[in-house]
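Good morning, colleagues. Please turn to the sequence and the model on the screen.

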Amino acid sequence: MRFEIITIFPEFFSGFFEHGVVRRALKDGLVSVEVRDLREFTHDRHRTVDDRPFGGGEGMVLKPEPLAEALESLGIAAKAERGLSSLTLALEKNREEGASGSVDKDAGQTGTRVILLSAQGRRFTQATARELLPLERVVLVCGRYEGVDERVNSLYCDREVSIGDYVLSGGELAAAVVMDAVTRLVPGVLGNEASSEFESFGVKDTEISADETGVPRSQHGSGGLLDYPHFTRPAEFKGLAAPEVLLNGDHQQIRRWRREQQLRKTLENRPDLLEHAQLSDEDRRMLVDLGWRPGGRQPAGWPSRGRRQG
Ligand code: ADE
């Protein structure tokens with residue numbers, strides 16, 4: 001898989017490319033990356049990439065010409081020229097926005113996708129990372145300032161993606177997040193143990209469809225629950241012992257403990273995920289014992305110490 005990143009801060013990515021899983025994947029040729037400096041596609045003395053917004057208001061907007069030129073330099077034609085007529089695009093957009101829209105309409109498709117990183121985008125989840133995995137090329141356009149001239153989005157971008165409900169000062173961190181999350185799913189990057197981890201409860205995110213509002217039924221591995229807590233040596237640290245059950249070698253007990261911990265952690269930190277998680281009757285019983293009220297509002301605020309795993 002090849003990533004291409006358009007940014008006004010090309011240096012931003014050098015540290016990111018030189019560490020950990022991404023570095024290894026690049027070194028082993030499992031993914032490749034090219035960063036394009038947006039300023040190279042300007043033609044004035046000041047290498048201007050932004051301008052004041054039409055209609056007034058705060059901040060500056062990334063101008064359309066350098067962005068379009070940068071995209072074209074990567075061989076990215078406008079969507080209409082990429083074989084999709086504007087009618088098809090309009091129909092696709094309608095379908096996506098309609099009640100029965102599926103979040104993984106791109107699942108399994110190969111080729112190139114152009115993604116605009118912006119706070120106004122659709123939320124990036126584990127399911128999105130899996131959708132991008134079969135692609136040959138992912139082009140990541142980093143927005144800056146107040147945003148990007150919307151015509152670049154309409155003409156060239158296949159999807160607008162946000163990594164969370166907060167406003168960053170630019171799309172660079174978001175592009176790194178997307179590249180990291182996708183890269184670690186590329187076969188061979190993490191090895192077998194990690195890919196099977198995602199399926200250890202028999203459900204892959206891409207096998208879980210969207211609900212009627214288009215919200216993915218699962219955003220994480222392990223059937224839509226958060227991961228269980230992990231421990232390593234020493235068995236005792238600053239007076240806290242690692243859970244006994246993990247030391248006794250009884251794999252059935254360990255599996256049960258981990259499932260309970262997943263349920264506990266999800267209830268504590270992301271109760272919203274439980275609405276769409278794959279839950280057995282036993283899971284439900286356990287959750288009710290932990291104070292879950294299905295469909296009901298969970299207690300607001302910080303959980304009491306008592307509900308935390310000791
Ligand atoms: N640019 C600014 N905020 C962003 C966000 N939350 N996600 C992606 N790109 C962004």
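Let me begin with a definition: Ala, Val, Leu, Ile, Met, Phe, Trp, Tyr, Cys and Pro count as nonpolar, Asp, Glu, Lys and Arg as charged, and the others, Gly among them, as polar. This is a predicted model, in which local features need pLDDT of at least 70 and side-chain atom pairs count only at pLDDT 80 or more, while totals for chains, interfaces and linings use all residues. Residue numbers start from 1 along each chain as its sequence is written.

I turn to the ligand. Its shell holds seven nonpolar, six polar and no charged residues. Of these 13 residues, the closest are L117, A119, S162, L168 and A174; a residue belongs here if its C-beta atom, placed from the backbone, lies within 6 Å of the molecule. Strand β5, residues 112-123, gives the most to this shell, namely three residues. Strands (E, at least two residues) and helices (H or I, at least four) are DSSP runs, numbered from the N terminus.

Next, a helix pair. Helix α2 (residues 20-27) packs against helix α7 (residues 172-183) at about 65°, with the axes 10 Å apart. Axes are lines fitted to C-alpha atoms, for helices over the stretch in contact, and angles run from 0 to 180 degrees between N-to-C directions. The two helices, α2 and α7, are therefore roughly perpendicular, a term covering 65 to 115 degrees. In their contact (C-beta atoms, placed from the backbone, within 7 Å), V21, V22 and A25 of α2 meet M179, D180 and T183 of α7. These residues of the contact divide into four nonpolar, one polar and one charged.

Notes
Angles under 35 degrees count as roughly parallel, over 145 as roughly antiparallel, 65 to 115 as roughly perpendicular and the rest as oblique. Two residues are in contact if their C-beta atoms, placed from the backbone, lie within 7 Å.
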